[in-house]
Amino acid sequence: MSNLPLISWRPLSLRADISRFSAPSLLWVGSKASALVFPALLLVLWQVAVNRHWVSAQILPPPSLVLESLLQLWHSGDLWRELSISLERVLIGFVLGSAAGLLLGIGMGLSRTLEAYVLPSFQAISQVPVLGWIPLLMMLVGIDESLKYLVIAKAVMVPITLNALAGIRNIPKGYLEVAQVYQLGLAQRLRRVILPAALPSLFTGVRFALTKGWIALVTVELLASSEGIGYLMVDGRQMFQLDLVIVGMLVIGVVGLLLDQGLAWVEMRLQRWQRPAF
Amino acid sequence: MALLSLISRYDWRGWVLPLALLLVWTLSTAFDWVDTRLLASPLAVLSAFSKAALSGELWVDLSASLIRNLNGFALGVLAGLLFGGLLGLSRQAEHWIGPTFHALKQIALFAWIPLLSAWFGFGEPAKVTFIALAVFYPVALNTFEGIRSVRRELYEVAQVLRLSPLQRLRYLVLPSAAPALFTGLHLGLIYAWLATLGAEYFFSAAPGIGNSMIDGREHFHMDQVLYGLMVVGAVGLLLNRLAQSLERRLLRWRDHR
């Protein structure tokens, strides 16, 4: 009984090692491809269900129709027009929000006094989700572009502020002491010590913030807009063209993914100098 | 004495900004520097709040929202635990369904609303489904990751001890996965409240705190919007605190190892 576990234990771990390290690339490709089997089956089932009239095409537009609408929107340029409107909103809101967030976060990071005065209010405000602020903002600024910028900026500002603050707070004391010894001025301290040391945390905040901003844009466009990718979906819903709605969902998902992955790539490049030697 | 030192050591500086804001707000409405139809005075917000609380309107709205919230939360947790558990316990399931799940996760939550409204209408079923969907993702994801965090050595010990599947779940999987599970539930609770608010904005009118805010905006009752905002914030804060203290209490055994 006592040696039984040993026997069953060894081959098990060996097998795991073999499959991990000597798997030929063909197998790897095969396993990646088989991940597509389930969604492919799902799509086929979906298409068949509509073709056989198990469900009405109005309730569940078949994949072929969704693809057709996507291509049509793509070729007519409509998709790109709506998307560029949405992206522009995100960009402006993002720039506004990250500028405010950086100022606030770095300011609080540098001064404990400022932090003591501002942070509690900041946290109280950020506790209420963006969605809660929308009715109030609608009353204050109307439902024009400025509403979209403000909503996106608020969504973006919170993670950037908090990450900038955390990034600066987590700088090893030694760095700051060295800066003090060299009697660096504030600008030099920021440029040579604080920003480089806080950069990884800051960038995590930026990446997170962009995702948040994109989600906030979708929300606000669904709620109050007459153009943009969210409006495309609202319009499709009102005319009961669910294929348009699904195209919108696909585009939102893909753009969100691209934004995040794009920033991940930039993050990797920017921080290459930081790679540890060993 | 202890109380006095507590009061003197408390950092009051955090109150300066809100109080200053309140002062400016009060003064600007009292002296008509701004249009009071546009910016209700703090007193008006307070009286709107007490009126709603006394007439019972607030409790009707609040309880409707909370019941909706809980229904969606329960449904989403159930689905998330089952799905995340399946994905975590079975490599096969992860292999076949996992990529689809991760791809669908990319779609922003609110982007589901037009489709859900087409499938479930604008009534209560659609709202609860939407809340459940919001809860489903974080719970499923964290359940999956929690189960995957069970260490192989421990699993092998369970094999050696020939624990039955049920015993394995009870003595191995659940304790190891507990922190991640709670993270998922906690996130789910936050998302549920957000989704409750969203559901009340987007779907048809029914009693609810989000709905009363939308009403207030439409009829230009700034006081109603503002007290709604405060109630929403307070409930969110309470739910968050509740989850935190429950989590701490239920995971206390982990500190005594």
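Trainee: In which helix of chain B is the place of Asn211(B)?

Mentor: In this predicted model, the residue belongs to an element of chain B that covers residues 209-218. The element in which Asn211(B) has its place is helix H10 of chain B.

Trainee: Is Asn211(B) buried or exposed?

Mentor: A residue counts as buried if 20 or more other C-beta atoms lie within 10 Å of its own. Around Asn211(B) there are 21 other C-beta atoms within 10 Å, so Asn211(B) is buried.

Trainee: Which residues is Asn211(B) in contact with, leaving aside its neighbours within four places in sequence, and how far in space is Asn211(B) from Leu238(B)?

Mentor: Once the neighbours within four places in sequence are set aside, the contacts of Asn211(B) are Glu200(B), Ala205(B) and Ala206(B). Leu238(B) is 27 residues from Asn211(B) in sequence, and the distance in space between the two, taken from C-alpha to C-alpha, is 20 Å.

Trainee: Which residues have the most contacts inside the largest nonpolar core?

Mentor: The largest nonpolar core has 115 residues, with members from chain A and chain B among those that have the most contacts inside it. One of these is Ile131(B), which, leaving aside its neighbours within four places in sequence, is in contact with residues including Arg68(B), Phe73(B), Ala192(B) and Ala199(B). The residues with the most contacts inside the core are Ile152(A), Ile131(B) and Val135(B).

Trainee: How many residues does each chain give to the contact, and which element gives the most to the side of chain A that touches chain B?

Mentor: The contact takes 42 residues from chain A and 40 residues from chain B. Among the elements that give two or more residues to the side of chain A that touches chain B are helix H1 (4-21), helix H10 (186-223) and helix H12 (242-270) of chain A. The residues of this side divide into 33 nonpolar, eight polar and one charged. With nine residues, the element that gives the most to it is H12(A).

Trainee: What share of the residues in chain A is buried?

Mentor: Chain A has twelve helices and zero strands, and residues 24 or more positions apart account for 72% of its contacts with a separation of 6 or more. Of the 278 residues in chain A, the buried share is 35%.

Trainee: What is the mean pLDDT of chain B, and what ipTM does the model score?

Mentor: In chain B, 97% of the residues reach a pLDDT of 70 or more, and the mean is 88. The model scores pTM 0.85 and ipTM 0.84.

Definitions and conventions: Residues numbered from 1 in each chain as written. Chains lettered and ligands numbered in written order. Predicted model: local features only at pLDDT ≥ 70, side-chain atom pairs only at ≥ 80, totals over all residues. Contact = placed C-beta atoms within 7 Å. Helix = DSSP H or I, 4+ residues; strand = E, 2+ residues; numbered from the N terminus. Nonpolar A, V, L, I, M, F, W, Y, C, P; charged D, E, K, R; others polar. Buried ≥ 20, exposed ≤ 12 C-beta atoms within 10 Å, placed from the backbone. Core = buried A, V, L, I, M, F, W, Y, C linked by C-beta atoms within 7 Å. pLDDT = per-residue confidence, 0-100.
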